[in-house]
Amino acid sequence: MRVLVTGASGRVADGIKNHLEGDPAYEFVYLDREDGPDVDHVADVADYEAIRPAFDGVDAVIHLAAYPTTDGTWEQVLDSNIIGTRNVLEAAADAEVSDFVFASSIHAAGMWEEENKPDIYDIDDDVTVTVDDQERPDSYYGVSKAYGEDIGRYYVEQREFPEQFYAIRIASIRAGKYDNPYGDAELGVELGDW
């Protein structure tokens, strides 16, 4: 399976490279707005004409390119997260790519946490948020991720391609040796916080 990864220089793409690169089931093709050692296509996702050739001959897309933090202004998330996500979906549709994975974020539903903290952090707290609960973005970044989920549904329901759209609400990604379930605790111990 030939898989195009946007945002190839980001932290999530590093995880794909570390865990799946070399698996004979996948051939990865990388797109990023800046050149790098693994980058096959250099283009900004906000520029449809520039990214479109990267989608030819691809079976699946993993869309990771985005302004990555909740402190972003509308202007900061607009090009990469709103226009870019639409462009990547349109290019996938035009190239007849069947599967699309969208890196969403827990921030698409972040107001559930904001409204219920600090009690939500207790083990015995009964607040549960599922895919059946409505989106409640906590920032422009969260709004852009909710938009990505919604426009992905639109493409699957209204267009021929992509045939499948998967939105994964990522809670957090840690770099390097802290990219494990105990990473925050390990870092806290090393920093002397605990």
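## Basis

Residues are numbered from 1 along each chain as its sequence is written, and side-chain values use heavy atoms, with hydrogens and water left out. Because the model is predicted, local features need pLDDT of at least 70 and side-chain atom pairs count only at pLDDT 80 or more, while totals for chains, interfaces and linings use all residues.

## Nonpolar cores

The largest nonpolar core has 24 residues. A core here is a set of buried Ala, Val, Leu, Ile, Met, Phe, Trp, Tyr and Cys residues joined through side-chain atoms within 4.5 Å. Buried means under 20% relative accessible area, exposed over 50%, and partly exposed in between (1.4 Å probe, protein chains only). L4, I51, F55, V61, V88 and F100 have the most contacts inside this core. At least two residues each come from β2, α2 (48–51), α3 (74–94), β5 (99–105) and α5 (140–158). Helix α3 gives the most, with five residues. Helices (H or I, at least four residues) and strands (E, at least two) are DSSP runs, numbered from the N terminus.

I51, from the 24-residue core, touches L31, A43, D44, V45, N87, V88 and A91, leaving aside residues up to four places away in sequence. Contact means heavy atoms within 4.5 Å.

## Strand β5

Strand β4 (residues 60–63) and β5 run parallel, joined by four bridges. Two strands pair if DSSP finds at least two bridges between them. V61 stands opposite F100 in β5. Five of the seven residues of β5 are buried, so the strand is largely enclosed by the rest of the structure.

S104 is in β5. Its relative accessibility is 2%, so S104 counts as buried. S104 touches K145, E149, A167, I168, R169 and I170, again not counting residues up to four places away in sequence.

## Salt bridges

A search of the whole structure finds nine salt bridges. Each is a side-chain nitrogen of Lys or Arg within 4 Å of a carboxyl oxygen of Asp or Glu. R52 forms one with D94, with the closest N and O atoms 2.6 Å apart. R52 lies in the loop between α2 and β4 and D94 in helix α3, so the pair ties together parts that are 42 residues apart in sequence. R52 is buried at 15% relative accessible area. D94 is partly exposed at 46%. R52, D56 and D94 are linked in a network of salt bridges.

R169 and E149 also meet in a salt bridge, at 2.8 Å from N to O. This pair links distant parts of the chain: R169 in strand β6 (residues 164–170) and E149 in helix α5, 20 residues apart. R169 is partly exposed at 28%, whereas E149 is buried at 12%. R86 and E90 form a salt bridge at 3.9 Å, N to O. Both lie in helix α3, four residues apart, about one turn of the helix. R86 is partly exposed at 33%, and E90 is buried at 16%.

## Surface

M1, L20 and Y26 form a nonpolar surface patch with about 260 Å² of accessible area together. Patches are made of residues with over 30% relative accessible area and no salt bridge: like charges are joined within 9 Å, nonpolar side chains (Val, Leu, Ile, Met, Phe, Trp, Tyr) within 5 Å. Areas come from the Shrake-Rupley method with a 1.4 Å probe; for residues, only the protein chains shown count as cover. Y26 sits in the loop between α1 (11–20) and β2 (27–32). Y26 is partly exposed at 35%.
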